[in-house]
Amino acid sequence: MTSRLLRSFLRNAQSGRLRAGDVGGGLRRSSTAAGEAGAAGTPKSPVHSSKKGRLLTGAMIGLAIGGGAYVSTADEATFCGWLFSATKYLNPLFALLDPEFAHRVAILAASRGWVPREKRPDPSVLGVEVWGQKFSNPIGLAAGFDKNAQAVEGLLGLGFGFVEVGSVTPIPQEGNPKPRIFRLPKERAIINRCGFNSEGIVAVARRLGVQHGKRKLEESTNSSPDNETKQGGKAGPGILGVNIGKNKNSEDATADYVQGVHTLSQFADYLVINVSSPNTPGLRKLQGRNQLKDLVKKVQAARDEMQWADDGPPPLLVKIAPDLSKQDLDDIAAVALALHLDGLIISNTTVSRPDPASAHPMAGEAGGLSGKPLFDLSTNILKEMYILTRGKIPLIGVEVGEDAYKKIRAGATLVQLYTAFAYEGPALIPQIKAELAECLERDGFKSVQEAVGADYR
């Protein structure tokens, strides 16, 4: 399988079907934007950008050739490890590209299967069961990376325990003007003001419907009386979350979320109401006690009125901001407990600029900051919410890579990557799972669940 993938990659590259080359052309078209959005802030010439495109394409081909030579001498697990390690050398090349163009290339690669596929089983200590669903590991990919569900299969294949797509808006919208993504590489942070750029629920539902149908066909083909239930969800071996948002100019936010639920919930293993992006005017006001209570009740009702099989409707979560007062947290916790909310995601990006990001030249750019500088702020919010909800509601922490264990000890049952994955690439996933397993075993925990909230129980 791996060798066929490499041969396919080489054929596509040689025949011109490697649309990322398109990489060279895309770079030529976006050279001015790259200059505006790049860390250096200096416009790049088309010739310079074209060279970078050829460099990236050449490196990908070189890795494919090297892998092809290596595959005949190694077992599948060893070769799998080699592929993930090899991405460490490729990923820095993405830093040479305009941030948003680099993101598009990454999505293209994952959607075409030009990324490593994890063949090694996860350590048993990492297994988690939440909402009656089995996660092979607690490490997921946060919403915002695959906004339009273009690469679900490829991203799950990287070894994530779950992947969350979106945010998805009812009507397609382009989002805010470009440039709108800015790197702070030394601080391992990103500022974005994308503004819910989305192809809309119809396009996303079509893609997820194809994926769901493929999964059902595989289950019916491979089913037998002796087979155990497969670990995973509606999209395949991992769990799929769908994050829904509202359109920028919508006058009825609740109607937007209800429409998202009616259209997309049948494909989701869990649903997320995003009321915390700083880039949609007025959205964060929905986190107020009365507004949130009214919204959650109506969305829950919309979900529950649909026809569901024996496994019932998908769990409903809310994603909150890190820029909340103690009173805000009290109110959200009260609503979550009163309405039996299935979970909270903590947290979205911050409008503040925690040190050392505050000193960066890009700090003045409008938008939400994610990454390492946000760690302490979001972990404190996670701790507070774990205490306020008395550990009764599953929490998902959004973290920066090597600190997943700290998030779990602070109260997170699951942990999502975003900025760290953007900087480190696929090699981060097996690394963080290995480190997490070592931490759990070192401290005498037999499972992730035993470690959840250990610092504050």
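User: How do H10 and helix H11 (residues 326–338) cross, and at what angle?

Analyst: Axes are lines fitted to C-alpha atoms, for helices over the stretch in contact, and angles run from 0 to 180 degrees between N-to-C directions. Here the axes of H10 and H11 come within 9 Å and cross at roughly 25°. Helices (H or I, at least four residues) and strands (E, at least two) are DSSP runs, numbered from the N terminus. One caveat: this is a predicted model, where local features need pLDDT of at least 70, side-chain atom pairs count only at pLDDT 80 or more, and totals for chains, interfaces and linings use all residues. Residues are numbered from 1 along each chain as its sequence is written, and side-chain values use heavy atoms, with hydrogens and water left out.

User: Which residues of H10 and H11 meet?

Analyst: Contact means heavy atoms within 4.5 Å. On the H10 side you have Arg289, Leu292 and Lys293, facing Asp331, Ile332, Ala334 and Val335 in H11. Sorted by class, that contact has 4 nonpolar, no polar and 3 charged residues (Ala, Val, Leu, Ile, Met, Phe, Trp, Tyr, Cys and Pro count as nonpolar, Asp, Glu, Lys and Arg as charged, the others, Gly among them, as polar).

User: And where do the axes of H9 and H10 come, and at what angle do they cross?

Analyst: Helix H9 (residues 253–264) and helix H10 (residues 289–304) have axes that come within 9 Å and cross at roughly 30°. That makes H9 roughly parallel to H10. The contact takes in Thr254, Tyr257, Val258, Val261 and His262 from H9, plus Asp294, Leu295, Lys298, Val299, Ala302 and Arg303 from H10.

User: Which strands make up the closed barrel?

Analyst: Two strands pair if DSSP finds at least two bridges between them. The 8 strands run E3-E4-E7-E8-E9-E10-E12-E13, with parallel pairing. Neighbours in this sheet are turned by 25° against each other on average, direction ignored. Take strand E7 (residues 239–244) and strand E8 (residues 270–274): 4 bridges join them. H9 lies across strand E4 (162–168), E7 and E8, at about 150° to E7.

User: How many aromatic pairs are there?

Analyst: A ring pair is described by the distance of the centres and the angle of the planes. The structure holds 8, counting rings of Phe, Tyr and Trp (its six-membered ring) with centres within 6.5 Å; planes under 30 degrees apart are stacked, over 60 edge-to-face, the rest tilted. Phenylalanine 79 and tryptophan 82 are stacked, 5.7 Å centre to centre with 15° between the planes.

Terms used
Angles under 35 degrees count as roughly parallel, over 145 as roughly antiparallel, 65 to 115 as roughly perpendicular and the rest as oblique.
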